[in-house]
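Here's a walk through the model you have open. Keep the viewer handy and click along as you read.

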Amino acid sequence: MKKILCAAAALLIAAGSAWADEGMWLLPLLKQMNAKALEEAGCRLTPDQIYSINHSSLKDAIVQFGGGCTGEVVSDNGLLLTNHHCGYASIQKLSSVEHDYLADGYWAMRMSEELPVDGLSVTFLESMTDITSVIEKSEKKFRKELKDAPNSEELVQQALAQLFQDLVEAVEKDKPECHAEIESFYNENVYYLIVYKTYTDIRFVGAPPSSIGKFGADTDNWMWPRHTCDFSMFRIYADKDNNPAPYSKDNVPYTPKQSLKISLKGVQEGDYTMIMGYPGTTTRFQTSPELEQQIRTNDIRIAARTIRQDIMMDYMLADPAVKIQYASKYSSSSNGWKKWQGMKLAFDKLGIIERAEKQEAEFAAWAAAKSKRQEAYGSAIPALRKGILDARVNHEAFTLAYESLYQIELVQMATLANAGRLDRLEPAYKDYCAALDRDEAKALVAFYKEHALPEYAFNCDIDIDEMFDKSVVTSWEKVSAADSTTIANDPAVAFANAAMEIVYGTYYIDRAPNPEFDAAQKAYTAGLLEWRKGQPSYPDANFTMRLTYGHVMPYSPKDAVLYRHYTTLDGVMEKEDPNNWEFVVPAKLKELWKAKDYGQYAMPNGQMPACFLSNNDITGGNSGSPVMNADGELLGLAFDGNWESMSSDVMFEPDLQRCINVDIRYVLFIIDKFGGAGWLIDEMNIVR
């Protein structure tokens, strides 16, 4: 396998820039694979200036933000930018009816006003080391030593698990301020040992009101033209030695190895752009049966979430307190809900599954042409199809149970209460509305019963209204005063036990190891790499840092329609609808627009830029990633993909796929002119 990958890598070096706009490239391989293509695309930085473990580089200004986004350091005092929707949960956590930072925004006017966010962390990449040869040699050794054991395969896997643990522990012993992980790439054909450093004293600095940071909300989500100023600001704090430390008033702003310069030069069509960040998940090595299963699973998710979100939205619009409580819950649900709908449309319109089937037929013919290839790869696709079909019923049963029964909040809360985990239960009540949950429970149980197969029936006859009326778990005051016997006999606990029996039962079957399926995935991926020698190859996204490079570009979504590459503040005013919460425009922003009071942030023609398009290859997890120019200066923040290419996690679409970015000039304008927080601008390194 290593020989195959080395051969593919060698050929990739000669692939040039023909495919420069596609790819989520591994940083340690930039010099080997992408140096020429980067230069030809217009980059003026060397790979060593982008990624190095010997001196500071661009990677040192980029962080994993929270559990699933990206951020970038923009000052030498640890000031951090990310998307508004990435900071949304933290802003919600800090908000109350009296201090609604979601609705009103927030701007610290000095460091002492920055608000600590409990549970928020940012993580820096220290290094990535290819350990594939170590793993392969060790596995070969283990198999030789254990070949005569009756449970040989199990012992080999245990030995490999111990090896992984030893490698990680060795790093963490040598660097106690860091932690290490081993990640596989190309479906377990390549392994990297990755070292990270995580900071946990993160403070909220500022964000615009949601009417700016979330302008357009669900209607505009994934859409272009876009006018959302999707950003929020935080600051990293460290101990006196600049190392990670829990929150303390004695901590000081973190001093980064490198922070990004910010460009006010703006963008023109054709300009070089690059994005560094943490893309979450792509499935570009999957087969047609796996893709078919994605759509089937997504259909279940869409239907269940439609029910939940409609109920949440009714309550949120009726009560400001509930709107704060459920803002983050609704947002995290609706983002995937809309993406999956767009994915299904794109699959149909672009013939994704048919194209995958065509590729598989060509691959099978290639493999069959030589006996050695047929032996290595010929059974992979049939084995993958069999694995998907064998697991389909249970997989869909788990998805249905998870998206319905498990999403009833009282089910999760009763489970924690019965386990005696009141420490984890107490914080949940801050953002809990029992009346809303009651209506969701009725709707979701009905949905589950309508769609569940008989063998997965929910045979619980507890009346939901009676359960909510009698349960002590519906409030912290009641559950904290109850003894363990009372909790154990609570109707919500009985209801939760019945629900979790289905959820856990289907989950453990769905997640059970399947060595034959895993081996088929690995073989198919290895075969693709051999088959595609001379073409660019990058592993699927797995929330490890990647680089993607491309250009500022417009696109045509359909015949006779051409979308230009940028939007302006004028478009915000054109979309304004005072009667629709998604398109309300703050009075102060309208005043600034009418006066054309844009300061140094205006375009040469006097307009205020809002967002722009590039053809960088991104996915979820890249939210908040820096969009940089040829010199590594910050041009904007990536925050979305476009509706017409919702199949991009499966196949890159060069004519349609675009990354939607908020222009950094709009961000700075909102901080300075709208928020009045010019002191934050002063600490940034701005290039004019």
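## Arginine 511 and its loop

Arginine 511 sits in the loop that runs between α21 (491-510) and α22 (515-531). Is this arginine 511 buried, exposed or partly exposed? With a relative accessibility of 47%, arginine 511 counts as partly exposed. Keep in mind that what you're looking at is a predicted model, not an experimental one.

Arginine 511 and phenylalanine 65 are 446 residues apart in sequence, and their C-alpha atoms are 27 Å apart in space.

## The chain as a whole

The protein chain has 26 helices and 23 strands. Along its principal axes, the C-alpha trace spans about 75 × 70 × 60 Å.

Buried residues account for 56% of the 688 residues. Take the contacts between residues at least 6 apart in sequence: 78% of them join residues at least 24 apart.

## The largest core and helix α25

Which residues touch the most other members of the largest nonpolar core? Leu589, Tyr666 and Ile671 do, in a core of 109 residues. Helix α25 (residues 664-674) gives the most to this core, with eight residues.

Click on leucine 589 and look around. Skipping neighbours within four places in sequence, leucine 589 is in contact with Ile212, Leu569, Val572, Met573, Tyr666, Phe669, Ile670 and Phe674.

Now for α25 itself. Nine of its eleven residues are buried, so α25 is largely enclosed by the rest of the structure. The buried residues are Ile664, Arg665, Tyr666, Val667, Leu668, Phe669, Ile670, Ile671 and Phe674. Just after α25 comes glycine 676, with a positive phi of about 70°.

## Another enclosed helix: α15

Helix α15 (residues 409-418) has seven of its ten residues buried, so α15 too is largely enclosed by the rest of the structure. Which residues of α15 are the buried ones? They are Glu409, Leu410, Val411, Met413, Ala414, Leu416 and Ala417. After α15 you'll find glycine 420, whose phi is positive, near 75°.

## Tyrosine 101

Tyrosine 101 belongs to helix α5 (residues 101-104). Its relative accessibility is 13%, and under 20% means buried, so tyrosine 101 counts as buried. Leaving out residues up to four places away in sequence, tyrosine 101 touches Ile91, Leu94, Ser95, Tyr106, Leu115 and Phe204.

For another distance check, go to threonine 415. Tyrosine 101 and threonine 415 are 314 residues apart along the chain, with 32 Å between their C-alpha atoms.

Tyrosine 186 has a positive phi of about 55° although it is not a glycine. Tyrosine 186 is also buried, with a relative accessible area of 9%.

Asparagine 187 lies in the loop between β8 and β9 as well. Asparagine 187 has a positive phi of about 50°, and it is not a glycine either. Where tyrosine 186 is buried, asparagine 187 counts as partly exposed, at 27% relative accessibility.

Which peptide bond is cis, with omega near 10°? That is the bond from tryptophan 224 to proline 225. Proline 225 lies in the loop between α9 (217-220) and β11 (232-238).

Methods. Residues are numbered from 1 along each chain as its sequence is written. This is a predicted model: local features need pLDDT of at least 70, side-chain atom pairs count only at pLDDT 80 or more; totals for chains, interfaces and linings use all residues. Side-chain values use heavy atoms; hydrogens and water are left out. A nonpolar core is a set of buried Ala, Val, Leu, Ile, Met, Phe, Trp, Tyr and Cys residues joined through side-chain atoms within 4.5 Å. Buried means under 20% relative accessible area, exposed over 50%, partly exposed in between (1.4 Å probe, protein chains only). Helices (H or I, at least four residues) and strands (E, at least two) are DSSP runs, numbered from the N terminus. Contact means heavy atoms within 4.5 Å.
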